[in-house]
Each structure stands twice: as structure tokens, then as C-alpha cells.
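Good morning, everyone, and thank you for making the time.

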Amino acid sequence: RVLSCGLKDFCAHGEAALAAGGDKRVPKLASVVGILGHLASRHGGSIKQELLRMFHESLAPGQPKAAVPFLLQLAVMSPALLGTVSAELVESLKPPVLNQLHQRFAPLPREDLEAMVGVLVHLICQTSAGAYRTLQFLVDTAMPASVITPP
């Protein structure tokens, strides 16, 4: 319920907070982060599961496009939430999911895409747990093994 409430508020106030690089102007967002941070000590597994579920459901047609920027904003505001899901999220980024992300966000204006990429780079730099796996994913995605020819 906390995530749903936060997403509704994020949608109502636009995605400008994400473009501002973590600005807390979305009224309920700081409260959502605080509540999730408090609940994480006892219900970390459930929170991780819900964050990942929200991410995957947001890629379906008809779902609000703001869900991914909302989740990115949560991660910017809470390193604990970022650490909770980063490894599993990277593991779930298989080609079909990457294609869904591309289809979902390719139509956005270039400035919005650049802002999201900037936030992603910032988050990758902030991630210590699973950093190797994240970097390996980026290298593998940029140059799949099927493209590499032996010397």
C-alpha cells in the first residue's frame, strides 16, 4: 500500500523530481522512503519482492510509465532500498525485459532519457553490493559473447 500511495503521488506531481537529481519536492515521497526504510529491518524480503513486482508489472502495456522513474527516485533517496533490490534487478534484466524497457522508453524526449541515464549511472556508482555483477552485466550487454570472435 505504501508503494501504491507513493506511485500515485509521484504520478500526480510529475516526474520532475527525478530530472532534478533526487529533489524531494514530491510531497509524500520522503514519507514513503522513511516508511519503507523502517519496515525494511523486519520485512526486507517482502519489500524487495514488491519493488521487483512493481518494476516488472510497470513494463506491461497500459501501466503508468512513471513507475520506473518512481522506483529510480526511491533508489536515489534510499541507498538501503537500492541495496535491497540491485542484485536481483540486474539478474532479471534478460533480453525480453530489456526489449520491454526499450519499447517503453524509446518514445520519450531525449532530455528525459538522458536524465534517466544520468540517474542510473549515479545509482550504479552508489552500489557496492553486486557491483561486479552489475559491471559484468553492462559489459555482456554491450558486447554479447556471441559477437566476440576468438583470436
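Predicted model: local features only at pLDDT ≥ 70, side-chain atom pairs only at ≥ 80, totals over all residues.

Residues are numbered from 1 along each chain as its sequence is written, and side-chain values use heavy atoms, with hydrogens and water left out.

The largest nonpolar core has 34 residues, where a core is a set of buried Ala, Val, Leu, Ile, Met, Phe, Trp, Tyr and Cys residues joined through side-chain atoms within 4.5 Å, and buried means under 20% relative accessible area, exposed over 50% and partly exposed in between, with a 1.4 Å probe and protein chains only. Among the residues with the most contacts inside this core are Phe70 and Leu74. Helix H3 (29-58) is one of the elements that give two or more residues to the core, and H3 gives the most, with nine; helices here are DSSP runs (H or I, at least four residues), numbered from the N terminus.

Phe70 also pairs with Phe10, and this aromatic pair is tilted, at 5.7 Å centre to centre and 55° between the planes; rings of Phe, Tyr and Trp (its six-membered ring) pair if their centres lie within 6.5 Å, with planes under 30 degrees apart counted as stacked, over 60 as edge-to-face and the rest as tilted. Phe10 lies in helix H1 and Phe70 in helix H4, so the pair ties together parts that are 60 residues apart in sequence.

Finally, Leu138, in helix H8 (residues 131-142), counts as partly exposed because its relative accessibility is 36%.
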